[in-house]
Protein chains: 2
Amino acid sequence: MSRYKCIVSYDGSDYHGWQSQRNHQTVQETINNVIDRLHGHHIKIMASGRTDQHVHALGQVFHFDSDMKIPEGQWIKAINHRLPKDIRIIDIKIVADDFHARYSARKKRYDYYVNTNAYDLFQCDHIFQLNQKIDLQSIKETSSIFLGEHDFSSFCSNNLTDTPNQVRVIETIDIEETNGIIHFIFIGNGFMRYMVRMIVGTLIEVGKGKLTKSAVIQMLEAKSKTACRYKAKPEGLYLVEVFYDD
Amino acid sequence: MSRYKCIVSYDGSDYHGWQSQRNHQTVQETINNVIDRLHGHHIKIMASGRTDQHVHALGQVFHFDSDMKIPEGQWIKAINHRLPKDIRIIDIKIVADDFHARYSARKKRYDYYVNTNAYDLFQCDHIFQLNQKIDLQSIKETSSIFLGEHDFSSFCSNNLTDTPNQVRVIETIDIEETNGIIHFIFIGNGFMRYMVRMIVGTLIEVGKGKLTKSAVIQMLEAKSKTACRYKAKPEGLYLVEVFYDD
C-alpha cells in the first residue's frame, strides 16, 4: 500500500465546489469516480480543504492510498484520460504514509482577479467582472491591516461552529494591476470559508470610496459576524498552491 | 417602423450554434426570445450568416424591424439586461430600410486561435488545444495559396447543395504567434460552412510536417469533396467582424 499526493487543477465553473454532495456534480466526486473505476472499488480521497461552488484551483492537493501496481509516471495519464476537460491532475507522487493533504498543510496561496475594464463575456467565469475603475492605492494601503495574526471572525462564514479558533496569519498580500485586471495574492497559514472573498469584497468597497481604512480596521477589530456584509463573487477566486514541509 | 442593425458578441460554448433548432439552445433563439418579450409578439431577426456549434462571435451582425418607441441609446440596455451572461449586444443603430444583415454584407473577418503550449483547461472552450509545437514558417508559406479568388469546393462542407457557386475571394490571411498561441486572421468576401476550419485544419497538418505545400495546392485544385479530410475544432473560431458599405 502506498500513499499518493496529487496536485490537481480545475475550472470550477460547472461544479458545486470540491466537496461531494447529494444531487450536485462536484470536483471531488468526479475525480473519486475515476479513481474508484481504476481500482474496481471505492478509494477515499482527501483534499487540503474545500473550495466553494464556481471557485477554481491551479494547485489543489489531495491524497489517497492504493496498492495498484501502476508505475508512478503512468498514474497521471491513467487518471487524466478519464477526467472531463475541465479537471487535470498535474502531479502525482508517492509520499510518506503519514502525509495528510489537510493536516500536513502549512500554508496556502489564494489569488483573486477583478476586471475593472468593460464587461468581458469570454472571461466572466474566470475573472470577477466589476467593470468600473477603482482606486488601487487606497486598496493597497488598507490591505496591510490584514497582514499578520488576527482573529478573522468578522471576515469568514457565519456558519463555522466547528472552527472555534478563528485566528489566522496572513503573511503576504500582493496586489497588482495589469491592463485593468487587478490581481490579488494571499498567502497565509489557513483561510476559513469566505475569508478571501470577504476581504477582497471589502477592499473593493474601499477602492470605490465607499469604505475608509479606519472603517475596515473597526470591522476587523469587531470580531463579529455582523461586521462585514461584503463578499466578492466566487468566479474570481483560485486556490493556487498548498505548501507542505518537504 | 425602423430597421435596426445590431452587433452582438457571444461565447458559443454552451450553444448549438446561431441558427434556431428544435430541442437545442441556440444564440438566435436566445436573442429572439428577448426581443419578442420586449415587443409582446414575434419579431424576426436576421443574421449575416450562421455560426456552428461552439463557435464564438465578437461581431456577428443581425437586423430586425420594430415600431417600438425606445430611444436609440436605450435598446442595448433593454436587451442586454435580459440576455444571459455569455451574449452581449455591443452596438445597435437605426439603418436604411433596405439594409440586410446577410445580403448587404461585403466581407467578413474570422479569427482562429491555436494553443501550441501545454493543455490549458481554463482556455479549452476558447482556444483550440493542439498542445504541440508546429512549424509556423511552413504554415505561413502554404497559407498564401488560399489568397485571391478560388473555387473552394475542396474546403467546405459536403452538404452545400444550395450553394452551387463555391468560388470565394480571400483577401487577407495573417498568422502570428505570441507566447505559443497561434492567431490566424482571415478576411474575405464570404466563407462557406467549415471553410475556415478546413483551411486551418489543413495548415496545422502542414505545420506538423504531415502535408506539403504542393499537396495542399493539389487539394485546392481538385475542387472535390473528398480532397480534404481535415477540419479544425470549432472552439478556436471567432466571427470577428462583418463589413458593409457605409
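Two residues count as in contact here if their C-beta atoms, placed from the backbone, lie within 7 Å. I start with that because the residue pairs I will list rest on this cut-off. The model is predicted.

Let me take the helix pair in chain A. On that criterion, Leu136(A), Ser138(A), Ile139(A), Thr142(A) and Ser143(A) in α3(A) meet Leu203(A), Val206(A) and Gly207(A) in α4(A). Sorted by class, this contact has 4 nonpolar residues, 4 polar ones and no charged ones.

Now the geometry. Two packed helices are described by the angle between their axes and the distance between the axes. In chain A, helix α3 covers residues 136-143 and helix α4 covers residues 195-207. Their axes are 8 Å apart, and the packing angle is about 135°. That value makes α3(A) oblique to α4(A), because only angles over 145 degrees would count as roughly antiparallel. As for handedness, α3(A) and α4(A) cross in the right-handed sense.

Chain B next. There, α3 and α4 pack at about 135°, with 8 Å between the axes, so α3(B) is likewise oblique to α4(B). The crossing of α3(B) past α4(B) is right-handed. On the α3(B) side, the contact is made by Leu136(B), Ser138(B), Ile139(B), Thr142(B) and Ser143(B); on the α4(B) side, by Leu203(B), Val206(B) and Gly207(B). The class count for this contact is 4 nonpolar, 4 polar and no charged residues.

How are the two chains related? Chain B superposes on chain A by a rotation of 180°, with 0.0 Å of shift along the axis and an RMSD of 0.0 Å. That is the relation of a two-fold axis. Both copies use the same surface, since 100% of the contact residues of chain B recur in chain A. Within chain B, the residue that comes closest to the rotation axis is Gln123(B), with its C-alpha at 4.8 Å.

At the interface between the chains, 10 residues of chain B are in contact with 10 residues of chain A. The chain B side divides into 4 nonpolar, 2 polar and 4 charged residues.

Last, the domains. Chain A is assigned domain 1, residues 2-95, and domain 2, residues 110-237. Taken over C-alpha atoms, the centres of these two domains of chain A are 28 Å apart. Which residues hold the contact, by number? In chain A, 6 residues of domain 1 are in contact with 4 residues of domain 2. The domain 1 side of that contact has 1 nonpolar, 4 polar and 1 charged residue.

Terms used
Residues are numbered from 1 along each chain as its sequence is written. Chains are lettered from A and ligands numbered from 1 in the order in which they are written. This is a predicted model: local features need pLDDT of at least 70, side-chain atom pairs count only at pLDDT 80 or more; totals for chains, interfaces and linings use all residues. Domain bounds come from an automatic or database domain assignment. Ala, Val, Leu, Ile, Met, Phe, Trp, Tyr, Cys and Pro count as nonpolar, Asp, Glu, Lys and Arg as charged, and the others, Gly among them, as polar. Copies are superposed by least squares on the C-alpha atoms of residues with pLDDT of at least 70 in both. Axes are lines fitted to C-alpha atoms, for helices over the stretch in contact, and angles run from 0 to 180 degrees between N-to-C directions. Helices (H or I, at least four residues) and strands (E, at least two) are DSSP runs, numbered from the N terminus. Angles under 35 degrees count as roughly parallel, over 145 as roughly antiparallel, 65 to 115 as roughly perpendicular and the rest as oblique. A crossing is left-handed if the near helix is turned anticlockwise from the far one by less than a right angle, and right-handed if clockwise.
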